[in-house]
Amino acid sequence: MKKKILVANRGEIAIRLIRAIQELDYEAIAVYETPDEMSRHIRIADEAVLLGDGPRCDYLNIDKIIRAAIKSGACAIHPGYGFLAENPFFAKACEAAGLIFIGPGSEIIYNLGNKVVARQIMADAGIPMVPGTENLQQGQEGINTALAFGEKYGYPIMLKATSGGGGRGIRRIENDAEMVKQIPVARAEALAAFNDDSVYLEKVVIDPKHVEVQILADSFGKTLHLGTRDCSIQRRNQKLIEIAPSMIKNAKLLDEICETAVKAAKAANYLNAGTVEFLIDRDGSYYFMEINTRVQVEHTVTEMITGIDIVRNQINIAFCKPLSFSQKDVQVRGHAIEVRINAEDPKNDFMPEGGKKVSVYRSTGGFGVRLDGFVYQGYIIPEVYDSLLVKLTVHGFTWEETVGRLKRCLKNFAIRGPKTTIPFYENIANEKDFLSGNFDTSYIETHPHIFHYDEDASEVGKLARFIAELQYQRENPFAK
Amino acid sequence: MTRIVQGTPVKEIVGQLRQAKGYYITNTARDLSQSDFKNRILLHTDLLAAPSREAANYFSLEITGGASIHVDILRKQVDPFLKLRKLREKMPDTMFQTLCRGINLFGYRPYPQNVIRATVREFAKYVDVWRTFDFLNYVPNMIAVFEEVERAGKLNEPCLCFSTGPEHTNDFYLAKAAEIIAVTGEDITLCIKNHGGLGTPVRIGQLVDALKQKYPDVIVHYHGHNTDGNDVGRIVEAVRNGATIVDAADAAFTGFYGPPPILTVVQTLREFGIEPACLNEDAVIETSDVIREERQHYAQFESQIKGFQPTVQIHKLPGGAMGSSLEQASKGGFLDRVSAILHKELPRVQKELGNYWSVTPGSQILWTTAVSNVLDGERYGNPSGDLRNLLLGKYGPFPFYQPEEWIYEKVLGENWREVLKEEGGLEKSADIDLGHERYALAEAIGSEPTDEQLILYLQHPNDAVDYFKFEEKYGQVYVLPPSVFFRQGGFAPGEKIAFRDCHGKEHMIEIGPSPITDTGETSVYETVDHHQVIYTFKAKAVQGVAGSDATLSKEEILDLAQAGDVRSPFSGNIVEITVEEGQEVMVGDRVAIMEAMKMQTPILAEMAGIVTGIIAKKGDALKPGSKILKIDKN
């Protein structure tokens, strides 16, 4: 009987995982909540298990998922990203139930998930880090520590919740007075949101580039990197566009960063696929940020430029197989860009467009184009999940070729019903700083004109809408 | 003789006219459109006619003004300024003419002086000849326009509105002409504005003769309507007695209430040995050949009553108001009473109200009063606000005599003498703050308006904003022919619509099927330049169905919020209500947090006050427009 792997996720990443599982000739078990019953990941999987009515709570329910795995005869669980992917208790529960958790062990997840522990591990290994504090002491003592830190490194300073992440629980402090005022507020919020009121400080690196390194580590002591990715184009710390490799011209610096990433992973006894994130300052100094212990949304760009299937290797590593290649076999070829096509209205502060029906879905294709999506024409986007519809990843031999391919694909992509981020990306793909590879984390706010577009921008599009109106009304309602 | 081209200085234009042998023709396309097609003739048709109209060597083309500015934006969705620019591209030499209602501009009520001046300045960039009138022939009402036209270096054509009756003597009109010339000087063209097509040819001949006797250097331009079928006769007598310019229109579109056909005028005057100055008759014929086919698509806008109306001499309604008045009678279901209104009541009202000139906005006052008198049973029992203003003298003084006291009493009430004393006199609308208006417009359309947009907004604020929004959504629809724009009954599947957009790009839209889904939505399929596009329309609203909770629009939600009725702006769940009943809130305070697709959005108070009722609770799933809480003013 074929081995079965349960996919504890939904949407595009569930499909991505199912594909790798089936390519390895295993069977994929999907799970779903009721609002997802029209989702395509259920149809593609070999089996599907209804977890409950959700929304979200069942995808987050460790017991239900473990039970579904045992009941369906799965021997392993792949968590994807989000939901339970970086929850050490989930990994631990898998281990306890005799299931293989596809990812690093629960202890690694716990250590790297706790910012302060992670910083300590990296500091011990000599990995460069943004100057910061440990967890601030409670009360006035903590405030005094904070003010001393402010004096030493200068403002602005980030005040972070130790258990926060993904852009949540972070606030920027500009002066002493604010520091005094904000620490108790941040604690209260952190307690409410994460059930942990610990906070710490970090110096702010102004308008850095966000560069990360993909790591693969097997259980035989081999730790490799798959090169860099640039994720600088972000909105409120949420990534929108990812590029591989980084556009930094200094090859020596990039090599150094990759080696540092491997060193960091080794310091953490890392296992399976992970991502080491760095901030690159304008002067070329770089700082460790964190290690993400999951497969990331943007793993596709690395796969495109290296030809290495990260998810396939994740499964093999979890099944105690050695990595079949060495560092020198990892060759970066060309450039890749991934854009997240979301059902959001960028003009309306990226307000989600959930609840709408995809009335037209015409995707693109051709050489060097990869799509990781799950929606189809007629699909009604649930309001209760995230708004990612499809990831478009393009690969080209040169940067120019890659951007040209991106533009062509965005133009050919037709999604009607919900508003999407496509026209917004089209503007970026035509923007000169982007074209010249010159962008950092301030890109979106320093280029406000990329928000200027019209969904029906073409004159003929508007007139076609007018004619449709006449056809619907059977007369010209405006001429009456 | 050379033609007068656009851009010629006023002095030279007038000089050339004084030297003219024969007469010039103004092609009155706008008045034709207004009188016989409810102003609906599209720019598309005027652009088709443009090359041959340009070649015809008219004195001018009357193509803007009157009610057309309003109808352009309201019913044809074309920018009146863009229209003039597009025509200018194809007609570089032809002078464009407008019809301006003096203090009432292109509308129906007096505008503030600074609005009048700004409007004239903006339009004068495109308009060469300014025909200006006042329905009471009250010269002060026209002075602002005269001054701005002169300042812009354009030609003033002041009007003597013409009518008939014992008071309408040559002496009266000569005195009016003197009053006008005292303001403008003699470098003008003076219009005899015979909007009703009143009087006999002999009467018109006498008036022109009297004017030319007294002012041999003043150019007379005769404007008439063919409502009784005899305007050619009046034109002939006008020209024989010294008029230099006359109005006529393209035969292919002539009807009953507008100007007569150009060639009929030419052929008739030829009998008397009078030739038109540099008219290209072949081009006149060609124009009608080019646009003849288009007329069928305007049939729905032609008058409900067809045929000449010799009785106009009794009711005196102007040609420009015939179509709309009869449409009103048709829609109001009183076509059978029209004869009684036109032939009995209207002449009576006209006399009672001072026998002034039945033209906008005065003609509307007469018509509305007559209709109300007949339909409501009690004469002057239901006076309109405009009639009240007329009696109060807001538009200007009565030219001949005042209505009898009983009418004042009916309209203004028993204490009418006091009302007249307190409220009477010319409407003096103070200048408005144009900066403030510009800001209001920017708010309404979401971008900095152009000067032209501001001018249109000042004329008709709501309709202009609607038009700007229409244009943003549907583009420049003037490129579509009347066969598409005015299509009734929809398009046949497979029908192909080819057009060139406003940028000159050619497109082809093929109509596909329009199925209705099981939820009642209509999907309209089109193939647009070889790409399939689908437009989905909501099920047509069924009225009176209980429980159908229509979701509110963004604007409605904001309006309610500003009144203290806080609604959900999108579909999502309540994460938290962050205020308590009885709590005081300021504008911008967070009152709730909502979440949709994992994103949290604060809901802010749009009005300061006290929270008086919390309707939604944590965890509730809301639709756009669902109630969250109420804020009451302190």
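At what angle do H6(B) and helix H7 (residues 143-151) of chain B pack, and how far apart are their axes? The legends below, which describe close-up views of a predicted model, begin with this pair.

**View 1. Packing of helices H6(B) and H7(B) in chain B.** Two packed helices are described by the angle between their axes and the distance between the axes. For H6(B) and H7(B), the angle is about 35° and the axes are 9 Å apart, and the crossing is right-handed. On the H6(B) side the contact is made by Gln113(B), Ile116(B), Arg117(B), Val120(B) and Arg121(B), while H7(B) contributes Ala144(B), Val145(B), Glu148(B) and Val149(B). Sorted by class, the residues of this contact comprise five nonpolar, one polar and three charged.

**View 2. Buried and exposed residues of helix H12 (residues 281-291) of chain B.** The buried residues of this helix are Val284(B), Thr287(B), Ser288(B) and Ile291(B). Seen down the axis of H12(B), these buried residues fall within an arc of 90°, so they line one face of the helix. Asp282(B) and Asp289(B), on the other side of H12(B), are exposed. Helix H3 (43-55) and helix H11 (262-271) of chain B are included in what covers the buried residues of H12(B).

**View 3. Helix H21 (residues 451-459) of chain B and what covers its buried residues.** Within this helix, Gln453(B), Ile455(B), Leu456(B), Tyr457(B) and Leu458(B) are buried. The cover over the buried residues of H21(B) includes helix H4 (68-74), helix H5 (80-90), helix H20 (434-445) and helix H22 (461-474) of chain B, as well as helix H6 (113-123), the helix that packs with H7(B) in the opening view.

Conventions:
Residues numbered from 1 in each chain as written. Chains lettered and ligands numbered in written order. Predicted model: local features only at pLDDT ≥ 70, side-chain atom pairs only at ≥ 80, totals over all residues. Buried ≥ 20, exposed ≤ 12 C-beta atoms within 10 Å, placed from the backbone. Helix = DSSP H or I, 4+ residues; strand = E, 2+ residues; numbered from the N terminus. Contact = placed C-beta atoms within 7 Å. Axes fitted to C-alpha atoms, helices over the stretch in contact; angles between N-to-C directions. Left-handed = near helix turned anticlockwise from the far one by under 90°. Nonpolar A, V, L, I, M, F, W, Y, C, P; charged D, E, K, R; others polar. Arc of directions from axis to C-beta.
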